[in-house]
Every structure is written in structure tokens, then in C-alpha cells.
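Here is a quick walk through a two-chain model. Have the structure open while you read.

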Amino acid sequence: MIHARGLTKTFGPVEAVRGIDLDVSAGEIVGFLGPNGAGKTTTLRMLTTLLRPTSGTATVAGADLFADPAGVRRRIGYVAQGGAIAPFSPVGEELVLQARLYGLSRRRARERVTTLLAELDLPGVEERTTATMSGGQKRRLDIAMGLLHRPELLFLDEPTTGLDPHSRANLWDHVRRLRERDGLTVFLTTHYLEEADALCDRVLIIDHGRIVAAGTPDELKSGHGARTLDEVFLAVTGRELREEAAA
Amino acid sequence: MTALAALTGHYLRASFGDKFGLAFGAVQPFLYLVLFGPLFARSGVGSWEVLVPGLLVQLGLTSAGMAGFGIVFDHRFGVLERLRVTPVSRVTLLLGRVLRDTVVLLIQAVAIIAAAWALGLRAPLAGVLLALLLITVLAVGLASLSYAAALTMRQELFAPVMSTVVVPLMLLSGALLPMSLAPAWLDVVSRLTPFRYAVEGLRALFAGSYASSALAWGVVVSLAFAVVGVALGTRRFQRENA
């Protein structure tokens, strides 16, 4: 579903991503972990066509990232960290507009919005604005926005950050159900490692723009003689911090 | 085409839901019309037919020219990024907004012309209709450039910078007093701004001089301005990390 080789991104003198190879199979839930500033969001933005890589090659959902960005856009959904709906706009109108941008007729767009909102436990919110919604509702709404066109691959950037434990569990139930029912492939970033452990088939850990560990949660834990993913994470990232502390 | 219609319709519904915003862009030219127009018409410098074309260009600057302000919020709330990740072409993402701004401007222009008519404006209907067409071309360029500016400069600077830039552009266009009264240096500077030609083209239309060189220049410069505006606006929408 994703095949990337040697992806890099430099901003002026800063090398944000320094050569990443990625392979994600259809139907996988892959967690992309790393400290703040490690290059997670930059990588996600490259894979979703929002940022042009400095070098490298990638095929995303069967389309070439460089030659056919529109093809990538048609087949993926992207849910950004900060949400994507202005607080003063009725959410139903925004969802219908988004669906129509993928070519649905007005009638089919309306039907699709109604179905999807019901599936995500948000029935009848069309006339409301996000200003009146809880954090969990807003996140589910953002996910609905990313699923309108039935993408094969969904990118989620820190979907559970800032949510209470109930809303987090609920969001994960939805993500798991989408994978089981529709075969959706999910590529997500998170800072909650116990979540990644419980829910991801595989995790990739990035630090300083390079992937420093990759495997199933169990492989990573046994490989590092660790009991939790937290311990693995601390062992493979932040080398500079430790070197600074030692010096 | 579906995408363009969907975007334009969506933005128009939002604009018509905000009657205050709809009126706001036309407030300044309307004030000039009512509080300055009667003086101008009796000053011996010119008539309503000379002033109103200028006020229409002023309207273009204060209405379509400030259109970029709306995209600042879309950018901040992630709406712009959400649109950029859809397969819709970048020029369509721009034109959806620009067409809305053009429709809004035409409604405001008709309101200004109607008010001016009540005050004493008289112009041939064909001239007025062609003037609205020329204003449309100008609005496409102005709104596009306004979005390009909004996506280029720091968000908080857009409103103060643009409302300041609009003043010399309006004065140099000769919108309020014809540039035939200007000293040579001011006339030269004025000729370097595109709106001078638009104002004179519109005045030619209001006077019924359809074969004048002023009109030809107005059309040519306004068309070129629109092409440049859309090209620059599209480039900003394509920008890799907007």
C-alpha cells in the first residue's frame, strides 16, 4: 500500500527527514512513533502529497507520488493533527462539499454523509458547528471527513492526542472496525505507546529523520529485552540527549 | 466542473448567510458616492458619469481586493490543507473562491450604480452592462492576487497591509479626480498602475464611447491583469507547504 525508498526532506539547512524506506501492506495498522521534531509529520505530509520530497521515490496506494499526485489524493484519506473544519461552519455543509470534491453528486454526497455520521456515532450533527462539540466528537468528525470517498489508505496524525481515555478507546474501536469491515489500511502517528502496542500490527520508530526501529510490538520488545514499548522507545531514541548529558 | 460548481456554491451560500459581510466591502465607495458625489457633481470637474466608474474601481479594491482575508481563517483551521489533499486541481481551488468574490462584487456594483442613478447618474444601458463585464475581469485578477498575498505574507499582516496598499492604488487610478488634472510626474506614476486604465475604460463605457482607445486600453490591461493574477494565485495554491 505504501512503498517508499530513500525519502528525504530538507528545509534550508535543516534535514528534517534523512532517507526513509517504508513498506506498508494492505490491511495493516502501522504506528509511526518518534519524539517531537523527529520527522513524523514531515514524512506524513510527504506521503499525502502536501509536501514535495527533496529526493527519493514512493508509491502510495498504487500511484506514484511524483508522477501522479492526483492519483494518490483520490485513493487516500488524511486526517491532520489540528482538525480541518472551521468552528463557525455547519459541519454537514463542509462534509457534503468535501464529498463533492471527490466527484459525488449532491444527492449521493448527502446520503454518504448521513451514513458515515451514523457509523461514527454522530447521527444528526449536520446543522451543528464544531464549536458545540466535544473533543472526541470532533476527532470522529475529522475521521468522517477523511473517509467520505472510501479511501483504501487512511493517514491519521496523532488522532487521540488530547482526548480523555474513554474517547481514545472509542476512537480506536472505530479504527479497528474500519479495518476489519472494509480492509482499510491505517498509517498513524501517536505518542501513546501503550496504544500503539495494543492496536498496531507493526510500529516504526523515527528519530532525527531516520527510522531507528521497525517490527511488530512483540518483536521490538523481545529484541531489546524490554517489557514495554516505552522502554524500546527510550532505548532507540534520544541518543543525542544522552550524549549531551554524559559530556 | 462539478468541483468548481460545488466550491463556488458552497462559498456563495456562506457569503449570503453573512449579510453584514456582503455589505461591508461596499461601504467605502457608498460613502464616497453619497458624501463626496454631490460635491464632485457640482464642482465643475466632472459629472456623476465620471465619478461612478472610479467608485466601481474603488469597490473592486475594497471588496475583491480584500477577499484574501477569508482564506486566512481557512488556513488557520486546517480547511485549506483539507482541500489541498483532494484530487481537485489547484486552479479550481482558487477559482471557486474567486468566482464567489466576483458574484459578490457584481451585486455590490449594481447596488452602487442604482444608488448613483437615484442621485443623478445617466448612462446608456449597454455601456453600464459592458462596464459590469469589465469589472468582472478586474475582480478575477484582484481577488486572485489578494489570495496570493494572503498566502504569502504573515497572517496578521494581511489586513493592515492590504487596507494601506489599497489607498495609493485607488488615488493613482484617478478614481476620485480625473488624472487629466494631475501634474506630469503624478500622471506618469499613475500610468504605471493597472487601475488607471480600468477607470478610463469604464468612463468611456459610461459615456457611450465604445470605439475609444481608452476603452481598448482598459480591456487589454484588465485582461492581462486577470491572467497574471490567476497565474500567481494558482502558484500559491500549488506551493508545497502552504
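## The overall build of chain A

Keep in mind that this is a predicted model. Chain A comes with ten helices and ten strands. Laid out along its principal axes, the box that its C-alpha atoms fill is roughly 60 × 40 × 30 Å.

Does the radius of gyration of chain A agree or disagree with a compact globule? It agrees, because a compact globule of 247 residues would come out near 18 Å and chain A has 19 Å. As for burial, 45% of the 247 residues in chain A count as buried. Take the contacts in chain A between residues at least 6 apart in sequence: 65% of them link residues that are at least 24 apart.

In chain A, four strands make an open sheet with antiparallel pairing, and the order is β2-β1-β4-β5. On the edges sit β2 (14–24) and β5 (63–64) of chain A, each of which pairs on one side only.

Look next at β1 (residues 2–11) and β4 (residues 55–60) of chain A, which run antiparallel and are joined by five bridges. To pick out one spot, Arg5(A) has Thr57(A) in β4(A) as its bridge partner. Helix α1 (residues 40–47) of chain A packs on this sheet and touches β1, β2 and β4 of chain A. The direction of the helix makes about 120° with that of β1(A).

## A strand covered on both faces

In a regular strand, side chains alternate between the two faces of the sheet. So which residues of strand β6 (residues 76–79) of chain A lie on each side? Ile76(A) and Tyr78(A) are on one side, with Gly77(A) and Val79(A) on the other. All of these are buried, so both faces of β6(A) are covered.

The partner here is strand β7 (residues 153–157) of chain A: β6(A) and β7(A) run parallel, with four bridges between them. Within β7(A), Phe155(A) is the residue that stands opposite Tyr78(A).

## Where chain B meets chain A

Over at the interface, 23 residues of chain A are in contact with 18 residues of chain B. On the chain B side, α1 (2–16), α5 (69–76) and α6 (79–84) each supply at least two of the residues. By type, the side of chain B that touches chain A has eight nonpolar, five polar and five charged residues.

Conventions
Residues are numbered from 1 along each chain as its sequence is written. Chains are lettered from A and ligands numbered from 1 in the order in which they are written. This is a predicted model: local features need pLDDT of at least 70, side-chain atom pairs count only at pLDDT 80 or more; totals for chains, interfaces and linings use all residues. The radius of gyration is taken over C-alpha atoms; the globule rule is 2.2 Å times the number of residues to the power 0.38. A residue is buried if 20 or more other C-beta atoms lie within 10 Å of its own, exposed if 12 or fewer, and partly exposed in between; C-beta atoms are placed from the backbone. Two residues are in contact if their C-beta atoms, placed from the backbone, lie within 7 Å. Two strands pair if DSSP finds at least two bridges between them. Axes are lines fitted to C-alpha atoms, for helices over the stretch in contact, and angles run from 0 to 180 degrees between N-to-C directions. Ala, Val, Leu, Ile, Met, Phe, Trp, Tyr, Cys and Pro count as nonpolar, Asp, Glu, Lys and Arg as charged, and the others, Gly among them, as polar.
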